[in-house]
Structures are given as structure tokens and as C-alpha cells.
Amino acid sequence: MNPMVKKYIKVSITLGLIAGICALLIGMVNWLTVETIAKNKILKEQNGLKQIYEDGNPEEMKLEKEYQYIEKIWYVKDSQGEELGYVYKTSGKNAYGAISMLVGVEDGNLGQFILLEDTQTFASTLEDNYVSVYNAGEREYSDVSCGATYGAKLIRDMASEALEDYEGRVL
Amino acid sequence: MSERSLQHKESFITPILKQNPLFVSILGTCPALAVTKSLEASFGMGLLFTFVVCCSNVLISALRKLIPEEVRTPCYIVIIAAFVTITRMLTEAFLPELYSSLGVFLALLVVNCIVLGRAEAFASKNSVFDSLLDGLGNGVGYTWAICLIGVIREILGTGMITFGKIFTFIPLFRIPILKALDGSFNYSMSVFSLPTGGFIVFGLILAVIAAIEGRKKAKEKIKLQAEMKAAVKGEK
């Protein structure tokens with residue numbers, strides 16, 4: 001056999017072997033963690049709903065149309081069956097990463113924002129400089145924040161879609 | 001101590017102080033500036049970095065005779081990427097707060113120059129055990145360096161050190177350190193919480209290290225001159 005062909009075969013087998021070892025390791029860890037990750041996500045969603053409406057009973061609604069950002073909608077009532085408000089799960093992406101968050105809407109006004117997933121470059125900056133400040137009532141949601149400008153714009157658009165949907169339902 | 005034990009010791013100790021990857025070699029500065037907002041986040045990043053560098057060093061060293069010279073860099077990157085993916089999955093499952101706080105910088109460990117540098121410069125030429133020690137040494141060296149930046153930034157930025165926010169299995173508690181001008185603990189200097197603060201603190205630490213090194217060199221120079229003078233006098 002041509003020595004060059006022999007060399008190419010050796011290199012291909014070695015690369016295949018290394019890729020195989022890596023794939024096996026990743027597959028094993030994925031098998032071990034996939035359930036925990038899914039449970040964590042559900043738990044985070046439920047904790048977020050509790051944070052927005054502590055004593056509320058959320059009831060998931062069926063989506064009637066396609067949205068750009070909205071993934072789930074909950075209609076929240078209190079223990080007496082009185083309406084408390086709506087919670088929207090919105091998700092979006094930009095060049096800096098993905099954001100998934102819960103938006104509470106009550107009496108036509110935006111309530112709390114709860115970040116579920118945030119893979120923006122400066123992830124914690126967005127939470128500290130924008131979401132926490134907004135939740136503390138010290139910022140308008142339509143403002144964007146320096147240091148997390150792109151993430152803040154995405155949040156503004158997601159919240160606007162939730163508000164528009166609420167207005168379409170109630171008004 | 002045998003030569004072999006000395007080599008093991010050297011592999012572990014040298015990267016911690018003498019050849020610290022961050023403060024001496026100035027490598028891995030991106031995450032060192034971005035994720036060192038708090039001591040907890042810095043420590044978490046350090047732990048994950050240590051895991052990745054140790055595992056990739058061990059596997060690369062074990063496969064070093066098998067990996068063809070021409071394709072060694074892609075092979076190292078595949079191995080490092082595999083361990084970073086594993087680390088991401090484990091962190092997302094068991095330390096979700098740390099996973100959220102590190103954001104994209106956890107994935108960026110794939111292109112961290114310390115990890116690739118150790119694979120190329122050390123693991124590809126040395127035994128598995130030595131490579132593990134080198135990985136551990138670099139991990140510990142990088143961890144204490146980013147923890148130092150983290151603790152300074154957290155104290156200057158928030159006036160306190162917080163535990164339990166990222167490692168949620170420990171109860172949340174705060175140690176107030178700096179007071180505001182009115183005497184209350186409502187101190188905050190947000191510039192230190194932003195990446196700008198990372199640059200300032202990192203620059204100051206490098207300046208202090210340079211000053212200490214400079215003083216050391218000056219002392220050695222004076223000592224050498226005195227020895228030379230004494231030798232010349234003795235000759236006369």
C-alpha cells in the first residue's frame with residue numbers, strides 16, 4: 001500500500017477514535033444529567049410563578065396563535081377564584097445569546113420580570129443593572145441599560161409583546 | 001528527595017506562584033475580568049477551570065503517543081471541547097446558579113489559552129501523573145488569582161462579601177466590611193461591579209507585583225555589586 005494512503009488511514013482512525021472517546025464521555029454525562037436539567041427548568045418556572053403571584057393558582061392556557069417571543073401563558077387566580085393576572089413565559093435570542101423570562105401582567109400594567117435563562121455575554125450584568133432595578137420600581141421597562149444594552153432591548157420587546165397580548169385579551 | 005519527586009513537586013508548585021498563569025504569564029484574562037464580580041463566582045470559575053485543565057491534560061497525555069503530529073491541535077481542541085461540554089452539563093444540572101452567573105464564559109473555556117497552552121507545552125510531552133499535577137497547579141494558581149481579584153472587586157463594589165448566592169447549598173449570609181459616608185452599610189461603588197472595575201483591579205495587582213519584582217531585582221543588583229567590589233578589594 002502507498003505509504004501516504006497508509007498515513008491518511010492511520011490519521012483518520014486516530015481522529016475517529018478520539019472523537020469516539022469524547023462522544024462516549026459526553027453521551028454518558030448527558031444521560032446522567034438530562035433529567036436533572038429538565039427538572040431544574042420546571043422548578044425554576046414554578047418558583048418564578050410563585051415569586052410573581054405568591055398565593056396564586058396558575059392555570060396554563062392554550063396558545064391560539066403564533067407569537068414571536070411568547071411560549072406559554074398562565075391565567076392566575078387566587079384561592080377564592082378571583083383573577084390576579086396573567087404570567088407570560090417569553091423567550092428570545094440575539095447575537096449575544098438567549099433570554100427566557102416570565103413576565104407578570106396585572107390590571108394592564110407589567111409586573112415582575114423573572115429571568116429563567118440568560119446566556120447573554122454579561123449575563124449577571126443584565127440581571128443586576130436592568131431586571132432587579134426594574135423589579136424594584138426604579139426603572140421603566142422601556143429604558144435600556146448601559147452595560148447590558150442588547151439584552152435590555154430584547155427584554156423590552158418580549159415584555160411589549162406580553163403587554164400587547166394582555167391588552168388584546170382583556171380590552 | 002529523589003529527582004522524580006522533585007519533578008512532581010515542581011510541576012505542581014511552579015504554576016501556583018512563580019509561573020502563575022494570570023499574574024505572571026498574563027493568560028486567561030477574559031474570564032478573569034468578566035466573571036470576577038464576586039468571590040463566589042470567581043471561586044466557581046476557578047473550580048470548573050481546574051476540572052477542565054486537569055481532565056484535558058490527563059487525556060491528552062494518555063493519548064500523546066497516539067495523536068499524529070500533523071493534527072495535534074485539532075485533537076487537543078476536540079478533547080478540551082468535550083470536557084468543557086461535560087462541565088457545562090454538570091454545572092447546569094447540579095450548580096444552576098453558577099451556570100447562570102458564568103454565562104458564555106463557561107463555554108469560552110474551549111478557547112482558553114491556558115488550557116490549550118498546557119496541552120501543547122506540557123501534557124503532550126510528559127507522563128499522565130505529571131500532567132495531572134501540572135493541571136492541578138495551574139488550576140490552583142488561576143483560582144487563587146481570580147479569587148483575589150473577585151474579593152477586592154466585591155468589597156470595593158458592594159462593601160461586603162456575600163456567600164450562598166451562587167452556591168445555594170450554603171445558607172445565604174453577608175459580611176459587611178465597608179461603610180458609606182453616612183455611617184450606614186448602604187455602600188456601593190458600581191464601577192467595580194462592571195468589567196471596568198475588573199481592569200482597574202487587575203492593573204493595580206499587576207503594578208504591585210511589578211513593584212515587588214523590581215525591588216527584588218534592585219536588591220539583588222546591589223548585593224551583586226557589593227560582592228564584586230569585595231572580590232576586587234580581595235584581589236588587590
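This is a predicted model: local features need pLDDT of at least 70, side-chain atom pairs count only at pLDDT 80 or more; totals for chains, interfaces and linings use all residues.
Of the contacts in chain B between residues at least 6 apart in sequence, what percentage join residues at least 24 apart? The figure is 75%.

**Chain B as a whole**

Select chain B and display its secondary structure. The chain contains 9 helices and 2 strands, and their order along the sequence is α-α-α-α-α-α-α-α-β-β-α. Along its principal axes, the C-alpha trace of chain B extends about 70 × 60 × 30 Å. Of the 236 residues in chain B, 39% are buried.

**Leu108(B)**

Next, centre the view on Leu108(B). This residue belongs to the loop between α6 (104-107) and α7 (113-123) of chain B. Leaving aside residues up to four places away in sequence, Leu108(B) touches Cys30(B) and Pro31(B).

**The contact between the chains**

Now show both chains together. Chain A contributes 25 residues to the contact, and chain B contributes 25 residues. On the side of chain A that touches chain B, α1 (3-52) and α2 (123-135) each supply at least two residues. The largest share, 15 residues, comes from α1(A). By residue class, this side of chain A comprises 11 nonpolar, 11 polar and 3 charged residues.

**The sheet of chain A**

Hide chain B and select the strands of chain A. Five strands form an open sheet in the order β1-β2-β3-β4-β5, with antiparallel pairing. β1 and β5 (109-118) of chain A stand at the edges with a single partner strand each, so one side of each has no neighbour in the sheet. On average, and ignoring direction, neighbouring strands are turned by 25° against each other.

- β1 (residues 57-61) and β2 (residues 70-77) of chain A are antiparallel and pair over 5 bridges; Pro58(A) has Val76(A) in β2(A) as its bridge partner.
- β2(A) and β3 (residues 83-94) of chain A run antiparallel and are joined by 7 bridges; Lys77(A) has Glu83(A) in β3(A) as its bridge partner.
- The hairpin of β2(A) and β3(A) has 5 residues between the strands, and Gly81(A) in the turn has a positive phi of about 90°.
- β4 (residues 97-106) of chain A pairs with β5(A) in the antiparallel sense over 7 bridges; Leu115(A) in β5(A) stands opposite Met101(A).

**Helix α3 of chain A**

Finally, select residues 149-170 of chain A, which form α3. The helix has 22 residues and reaches 31 Å from its first C-alpha to its last, close to the expected 32 Å. Which residues of α3(A) are buried? They are Gly151(A), Ala152(A), Leu154(A), Ile155(A), Met158(A), Ala159(A), Ala162(A), Asp165(A) and Tyr166(A). Look down the axis of α3(A): these buried residues fall within an arc of 160°, and therefore line one face of the helix. On the face turned away from the buried side of α3(A), select the exposed residues Glu164(A), Glu167(A) and Gly168(A).

Conventions: Residues are numbered from 1 along each chain as its sequence is written. Chains are lettered from A and ligands numbered from 1 in the order in which they are written. Helices (H or I, at least four residues) and strands (E, at least two) are DSSP runs, numbered from the N terminus. A residue is buried if 20 or more other C-beta atoms lie within 10 Å of its own, exposed if 12 or fewer, and partly exposed in between; C-beta atoms are placed from the backbone. Two residues are in contact if their C-beta atoms, placed from the backbone, lie within 7 Å. The expected span of a helix is 1.5 Å times one less than its number of residues. The arc is that of the directions from the helix axis to the C-beta atoms. Ala, Val, Leu, Ile, Met, Phe, Trp, Tyr, Cys and Pro count as nonpolar, Asp, Glu, Lys and Arg as charged, and the others, Gly among them, as polar. Two strands pair if DSSP finds at least two bridges between them. Axes are lines fitted to C-alpha atoms, for helices over the stretch in contact, and angles run from 0 to 180 degrees between N-to-C directions.
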